[in-house]
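Take a look at the model below. Follow the charged side chains and ask which of them pair.

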Amino acid sequence: RLATPTVSQQPPPPPAAQRTMPAFDITESQPSLPKKKSALNEGLVQYSLPVTDADRDIDAYFRAQESNIRDAVEEAVRRDMSTRVSVHIDILFYRTAVSGEITRMDDYFIINSFAISDAEDFDLARIIATVNARIDNFNQRGSNWQVERILRCHLNFVPYRPTQGLS
């Protein structure tokens, strides 16, 4: 599950306002609209939320994406009436060793699916709290990894029909 960490002699990344080049560049520099992919005749729909190299704070990122998230949830509920949603987020971490070496590693966190039948059922604060709790748990054993930036974030939707049983 974990990628092999990379080691460099570079100092830790400065705050976003002082950075000119990202340390690990795989995203766009300007946010864009969410990208939508679907499979199984729209049975599975994935929205890739826009990410920039300045996205470092989990709370701020999700709050900035709130309208995109709400739009995706509303569309899924309108299409399926009841849906299950899960969130997948990839994060780049770094830590500084005593020797001054910077080690970087990316990891992902999946917030398990939960059912919603109304756009108002979607609890963004719960998503933020869960991601932050997973990061805290990841660091609980003294690893001292720090969030360098968010790499990717996806919302996954599938229809949810609890009253339709199998025959």
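This is a predicted model: local features need pLDDT of at least 70, side-chain atom pairs count only at pLDDT 80 or more; totals for chains, interfaces and linings use all residues.

**Salt bridges along a helix and between strands**

Asp 90 is buried, with a relative accessible area of 10%. The side chain of Asp 90 meets that of Arg 152 in a salt bridge, with 2.8 Å from N to O. Buried here means under 20%.

Side chains of opposite charge can pair when their charged atoms come close. How many salt bridges does the structure hold? It holds four.

Now turn to helix 2, which spans residues 66-80. Glu 66 pairs with Arg 70 in a salt bridge at 3.8 Å, N to O. These two residues are four apart in the helix, so about one helical turn separates them. Glu 66 is partly exposed, with a relative accessible area of 28%. Arg 70 is partly exposed too, at 25%.

Further along helix 2, Glu 75 and Arg 79 are again four residues apart, about one turn of the helix. They form a salt bridge, and their closest N and O atoms are 3.7 Å apart. Are these side chains buried or partly exposed? Glu 75 has 24% relative accessibility and counts as partly exposed. Arg 79 is partly exposed as well, with a relative accessible area of 27%.

How values were computed:
Residues are numbered from 1 along each chain as its sequence is written. Side-chain values use heavy atoms; hydrogens and water are left out. Buried means under 20% relative accessible area, exposed over 50%, partly exposed in between (1.4 Å probe, protein chains only).
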